[in-house]
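Here are my notes on this one, as numbered points. Have the viewer open while you read.

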Amino acid sequence: MHQCLSSKYVIARLEVKGHKFEILVKPDLALKLKEGKKVDIDEMLVGDIVYKDVRRGLKASPEALRQVFGTTDIRKVAEEIVKRGEIQLTAEQRRALIRAKKMQIINFIARNAIDPKTKLPIPPKRIELAMEQAKVSIDPFKSVEEQAMQIVSKIAKIIPIKIAKAYMAIKIPPAYSGRIYKHLVSLGEIKKSTWLSDGSLYVELEIPAGLQNEVIDKINKLTSGTATVKVLYVR
């Protein structure tokens with residue numbers, strides 16, 4: 001059994017009703033499931049046994065599984081163990097996950113936040129430095145969105161920042177209007193779209209405020225700089 005406990009696999013453990021249940025899982029998929037994302041349980045599981053002690057190779061009894069989970073179905077049991085229990089990460093795995101989660105949070109904040117004074121996006125490096133100044137701690141098990149909102153509140157004491165949306169008016173000339181609509185849908189939420197008499201397309205688009213420059217650049221690229229883009233407001 002010891003050979004299974006490599007850096008690729010970790011133990012997920014749940015203690016309930018006087019019983020201990022353990023399974024071997026792939027940490028990246030187990031963490032996604034814990035965050036509420038959909039994952040392939042078979043892909044997440046390493047082996048198809050529920051243990052009461054992985055290291056000693058002791059299996060959980062079918063009676064204990066039925067008593068606690070109401071089933072002996074490995075997939076249903078594994079899902080409950082991961083969602084309700086703890087994932088036993090090594091120190092190295094934990095550090096790597098925290099680093100990755102930190103970058104995801106920084107990118108999320110950079111996409112969705114602005115400096116409320118200038119209404120402009122905030123560079124990721126500035127956000128990262130503010131997080132370090134605020135001594136923000138990252139939880140590898142909590143979702144990016146949940147932590148980002150809490151972190152914005154903390155770093156707002158250090159830099160001017162707020163989560164906001166930008167509302168843009170875009171006019172696409174006839175030569176590009178037919179093929180650009182699907183691209184606009186992928187850039188944000190279309191609030192209004194009108195075909196003008198000359199064949200131009202007028203669209204009002206709501207986007208995460210931190211993406212203003214990125215969206216303007218993308219529209220200019222798609223239309224060879226012929227589109228008219230105006231930021232109506234940011235709030």
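1. Start with a helix pair: Tyr176, Ile180, His183, Leu184 and Leu187 in H8 meet Val215, Lys218, Ile219 and Leu222 in H9. Contact here means heavy atoms within 4.5 Å, and helices (H or I, at least four residues) and strands (E, at least two) are DSSP runs, numbered from the N terminus. Sorted by type, the residues of this H8–H9 contact are seven nonpolar, one polar and one charged.

2. Before going on, the ground rules. This is a predicted model, where local features need pLDDT of at least 70 and side-chain atom pairs count only at pLDDT 80 or more, while totals for chains, interfaces and linings use all residues. Residues are numbered from 1 along each chain as its sequence is written, and side-chain values use heavy atoms, with hydrogens and water left out.

3. Back to the pair's geometry: H8 (residues 174-187) and H9 (residues 212-222) pack at about 160 degrees with axes 11 Å apart. Axes are lines fitted to C-alpha atoms, for helices over the stretch in contact, and angles run from 0 to 180 degrees between N-to-C directions. H8 is therefore roughly antiparallel to H9, a label for angles over 145 degrees.

4. Now the largest nonpolar core, which has 28 residues; Phe21, Ile23, Val25, Met44, Val50, Ile81 and Val82 touch the most other members. Such a core is a set of buried Ala, Val, Leu, Ile, Met, Phe, Trp, Tyr and Cys residues joined through side-chain atoms within 4.5 Å; buried is under 20% relative accessible area (1.4 Å probe, protein chains only). Helix H4 gives the largest share of this core, five residues.

5. Past its own four-place neighbours, Ala12 touches Phe21, Ile23 and Glu86, among others.

6. Is Glu128 buried or exposed? With 16% relative accessibility, Glu128 counts as buried. The residue lies in helix H6 (residues 124-133), and leaving aside neighbours within four places in sequence, Glu128 is in contact with Lys102 and Ile106.

How values were computed: Buried < 20%, exposed > 50% of the residue type's maximum accessible area, 1.4 Å probe, protein only. Parallel < 35°, antiparallel > 145°, perpendicular 65-115°, else oblique. Nonpolar A, V, L, I, M, F, W, Y, C, P; charged D, E, K, R; others polar.
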